[in-house]
Amino acid sequence: MTETATLPLKPIESEHRAGLEAIMRRRPDLDALAARVVEAGLRNVYLAGSGGGYITVQPLQYQLEQLATHFPVFSHSANELIYRNPAGLGAGSLVLLASNTGTTPEVVAAAKFAKQRGATVVSFTRHPDSPLSLASDEAYTYGDDHGVGD
């Protein structure tokens with residue numbers, strides 16, 4: 001019998017489940033959002049965040065790259081999105097931003113930058129009245145205090 005090393009993985013702790021469940025209750029809203037942006041002429045998707053928020057969007061990038069055949073998917077740190085200033089960012093772009101606190105300055109700045117370029121900006125954050133929520137076209141909030149993002 002061969003012994004294998006185990007990874008330091010643990011089950012998702014119950015305090016994280018509240019935030020995940022809050023977002024999943026919004027699944028019909030997320031489906032409607034997807035239909036709207038496709039109907040409006042979706043050209044590309046940008047995923048961004050900083051720190052834990054950036055790590056949070058990585059699984060989504062993987063899934064979209066595996067499934068999306070009609071639009072490219074890009075993932076950048078929030079600052080990188082601004083300083084790269086992608087030529088393709090504008091009308092027809094969907095920008096998804098993640099920040100647990102909703103106050104990360106770079107992520108809020110990326111939301112404002114993307115909106116100025118004409119993109120549809122959607123955020124995932126804790127509070128509906130956070131600077132990120134207010135800078136977004138739509139904010140999906142989960143009210144959980146225990147680190148779903150950064």
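Thr 120 counts as partly exposed, because its relative accessibility is 29% (buried is under 20%, exposed is over 50% and partly exposed lies in between, with a 1.4 Å probe and protein chains only). Keep in mind that this is a predicted model, where local features need pLDDT of at least 70, side-chain atom pairs count only at pLDDT 80 or more, and totals for chains, interfaces and linings use all residues. Residues are numbered from 1 along each chain as its sequence is written, and side-chain values use heavy atoms, leaving out hydrogens and water.

So where does Thr 120 sit? It belongs to strand β4, residues 120–125. Leaving aside neighbours within four places in sequence, Thr 120 touches Val 37, Ser 93, Leu 94, Val 95 and Asp 137, a contact being heavy atoms within 4.5 Å. From C-alpha to C-alpha, Thr 120 is 7.5 Å from Ala 91, though 29 residues separate them in sequence.

Now zoom out. Of its 150 residues, 39% count as buried.

| Element | Residues |
|---|---|
| strand β1 | residues 44–49 |
| helix α3 | residues 52–67 |
| strand β2 | residues 73–77 |

Strands β1 and β2 run parallel, joined by five bridges; pairing takes at least two DSSP bridges. Within this pair, Tyr 46 stands opposite Phe 74 in β2.

Terms used
Helix = DSSP H or I, 4+ residues; strand = E, 2+ residues; numbered from the N terminus. Right-handed = clockwise from strand over helix to strand, strands pointing away.
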